Every structure is written in structure tokens, then in C-alpha cells.
Amino acid sequence: MMKKRNVGRGMRVLSVVFLGMVLAVSAQAQWTDGQDAQYVVGQPDFISWASATTATGLKNPSGLAIDKPHGKMYVADYGNHRVLRYAYPLSGNQPSAELVLGQADFTSGSANRGGAVGANTMNGAAACAVDSSGRLWIGDASNNRVLWFDDAYAISSDGAAADGVLGQVDFTSADTNGGGSVAADSMNHPYGVYIDPWGNLLVTDFDNHRVLRFDDASSLSNGAAADAVLGQADFVSNAQNRGGSAAANTLYQPDGVVAVGSALFVADKGNHRVLRYDAYLSKADGAAADGVLGQPDFVTATGGATQSILYGPRLVEADGAGRLYVADTDNNRILIFEGAVGKGNGANADSVLGQTDFTSWEGDTTQGRLWTPDQMAVDGDAGYLLVADENNNRVVQFNASTTLPVALGAFAIE
């Protein structure tokens, strides 16, 4: 059963990471092109794909994060406007969630619980990340905000209220850019959240065509302003590609980010590319990228399906051996780039998951195929790659033949 290419976010959406400082060792993980997944979450088997609003079902999951020290996995269930918490590691197919956030129970799935926005509601939960303390960060995209939950692993009550908010002045506001002009403290559909190895929060502000960096995220207060911006020259501009065409210093609907050492990779969805910013913490606002994958140069922005061309990439992930995993979403595949920081512009990917080769792109529902892959997570100790397979209404776990070193700043994921 082949499915039609879905080029929109449709029911959708970031990047996440297992936090915790871990020394990277150089092991060689062996991925086989088009290999089968090991486990599935949200479905009873690998050929089912119906959505559901239950403790065992999902509806367009787009975000994924693992808190390995506390034995938890979080799934941002976009279409059900909630985040589910599971016990981790997985031991079989279709586990039942143990906690829900954003809804009062497992059978409710309305945006903002069918009412007004609040500290305990969500509207398009798109992405999630966990920091080293177990704090959970959520890109609550259609409420134009990022929520955080302290000690999320210990929350015992379904539908608990968040502890903090960014992008809005309080928990009851949800307007695009705070109902005013774009600014350092406003957001327009934050589809990606990521905590870097130094505890900084990066947010992909999708419809403002920029990436915001909030330094020392654990110290932030409600409505705090960002400290740096990429993709725009300043905090008050928000035109796609800065009002022109693709260039080294522009973005068009950025969706996810991940750090590999001191380099930051950004999935620039609308330009069908992934940008690399070297020494990103010292970059000036609006600085140019240092490298590009998915396109031969910084001014080309045509999508396709080859070993070196991307089509609508949304999320990026990394492991401690320097591999970059790209959710090439509208090609329904994951591309893997070995030694990504050292790759030249337009370099070929080394491996592919979700398709059997580098020129196939259609989505499907089987054990080895994907349909609109989104956020990913790497469990290095176990050698697992987990993928939110959005339009199949599931999360799948792939098992490498060897362990995958954990990137600094992640307990096993982005």
C-alpha cells in the first residue's frame, strides 16, 4: 500500500535529546539500508496505521525524547494535543502510556481541552526535549509557546500544569508573536526544541523563519527573551529567506536543530537543506552558515530524492561518533551522514532507513518503511534509533548492529 507524498506539516511537526554528559567513544555502528524496525509504539503491529485517542494509540506523533537516567520516554502526540510518558526501554510492541500531559485523561484529544489556553492545556504539541535534571520542554506549536515541566519523570497526576512558559507573557496567552510584532520574547509556531550540551535551549521558530537561543535554560523565567538569533539579522525581522532567496544566512521554515560538538545543524525545511554553523555559540545574530547538506551550495533550494538531495527535512539528531541523522520527511526516509562535521557541501549520505535505496521516496506502512518521519532519539548504549513516524501514527525503534556513542549533552537523544 503506497501512500501519497505529504509535503505539508498537515497534522504535525522537533528535535530532542537525552540529556546528560557522556564521553563519546568512537564505535562503528552498522546500519543496513532499508532495515526493519524492532518495535512499534502506537500500533499492535507494523502494518496497522489507524489513529487513536487512548493510552496505547497515537495521532500524528511528531516529537520524541528519552530520559534514560529516569527510565522514561516522551511522545508529543500532535494530533491529540498531548504528550504521553512511557516506561523505557521498550520491551514489546504497543506499550501503554503511564501518564498524559495536556489532557485530563487518555481518551480526550481536543485542542486546549476544548476550551481556553492554560497551564495544563496544549494545542499542537509538536516537539519535546529533556534536560539533565529531568525537566521536560514542549514545543506547544499552535499556542505559539514553549512549556516546561520540572521533574517530569516524577509527575503522578494526568493533566498536570506546566511550571514555566516562553513565547508568551503568561499561561493564558497564545497569540502569534504575543499578539504584537515579532520580538526576542515572541514565537510563531515553535516546532522544534533542543537542549544543547551546555544547558542552552534552542527553539526553531518555524513561521518566523529563525532559530532562537536561550542561554542557561534552567534559570529562565516566564516570557524571557532569547539571547541570540540565526536566520534573521535581528529579533524584529521575520521574512522567509530575509525577503529574498536562499543564502548562507537565511532560513525558510526551520524545524529542528542538534549540536555535534561545537557545530550546530539546522533542518531548513523550506529550503530542502541542512545548514551547519561552526562554533555556533560565538556566532553574531544572523551569521552565515559554514556548510550545507541536501543542496550543492547555499543558493540552491530545489528538493529531490537522491543520495545528496533532500525534500522537506524536518528534524536532525546525532550520536557521539559524529553521525548526523536527518529526517528527510517528505521523502519518507532517514538519511545518515558519517562524520557530518567534516562533510563537504552537498555530500552524499552514507546510509538510509525507511527506504530500500536513495532514489525511492513514497511512504508506506511496513516494518522497514516510514511515512512522514519526524523527531528522532538515539539511545547510544543500546544502539537504538527511535523515530516518530507521524502519518503512520506510531513510533518505531531501529536497532543498530553495534552501540551508538551518545553525543555530549544527551542521555540518548536530540
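Are Trp31 and Tyr325 buried or exposed? Both Trp31 and Tyr325 are buried, as judged in a model that is predicted.

**Figure 1. The predicted chain as a whole is built from strands.** The chain contains 26 strands and zero helices, and its C-alpha atoms fill a box of roughly 50 × 45 × 40 Å along the principal axes. Of the 414 residues in the chain, 63% are buried, while the accessible surface comes to about 12,500 Å², with 49% of that area belonging to carbon and sulfur atoms. The chain carries 26 positive and 44 negative charges, and the mean positions of these two sets are 4 Å apart.

**Figure 2. Close-up of the aromatic pair formed by Trp31 and Tyr325.** The count for the chain comes to five aromatic pairs, and one of them is edge-to-face because the ring centres of Trp31 and Tyr325 lie 6.3 Å apart with their planes at 85°, where planes over 60 degrees apart count as edge-to-face. The pair links distant parts of the chain, since Trp31 sits in the loop between β1 (2-3) and β2 (39-41), whereas Tyr325 belongs to strand β20 (residues 324-328), 294 residues apart. Trp31 and Tyr325 are both buried.

Figure 3. Trp49 lies in the loop between β2 and β3 (61-67) and Trp371 in the loop between β23 (363-364) and β24 (373-379), so the pair ties together parts that are 322 residues apart in sequence. Trp49 is partly exposed, with a relative accessible area of 34%, whereas Trp371, at 11% relative accessibility, counts as buried because buried means under 20%.

**Figure 4. Close-up of the antiparallel pairing of β13 with β12 and with β14.** Strand β12 (residues 201-205) is joined to β13 by five bridges, and Val203 stands opposite Leu212 in β13. β12 and β13 form a hairpin with four residues between them, and in the turn His209 has a positive phi of about 55°. Strand β14 (residues 228-230) is joined to β13 by three bridges, with Val211 standing opposite Leu230 in β14.

Note on methods:
Residues numbered from 1 in each chain as written. Predicted model: local features only at pLDDT ≥ 70, side-chain atom pairs only at ≥ 80, totals over all residues. Heavy atoms only, no water. Phe/Tyr/Trp six-rings, centres within 6.5 Å; stacked < 30°, edge-to-face > 60°. Helix = DSSP H or I, 4+ residues; strand = E, 2+ residues; numbered from the N terminus. Buried < 20%, exposed > 50% of the residue type's maximum accessible area, 1.4 Å probe, protein only. Pairing = 2+ DSSP bridges. Areas by Shrake-Rupley, 256 points an atom, 1.4 Å probe, with all protein chains shown as cover. Lys, Arg positive; Asp, Glu negative; His and termini not counted. Charge placed at Lys NZ, Arg CZ, Asp CG, Glu CD.
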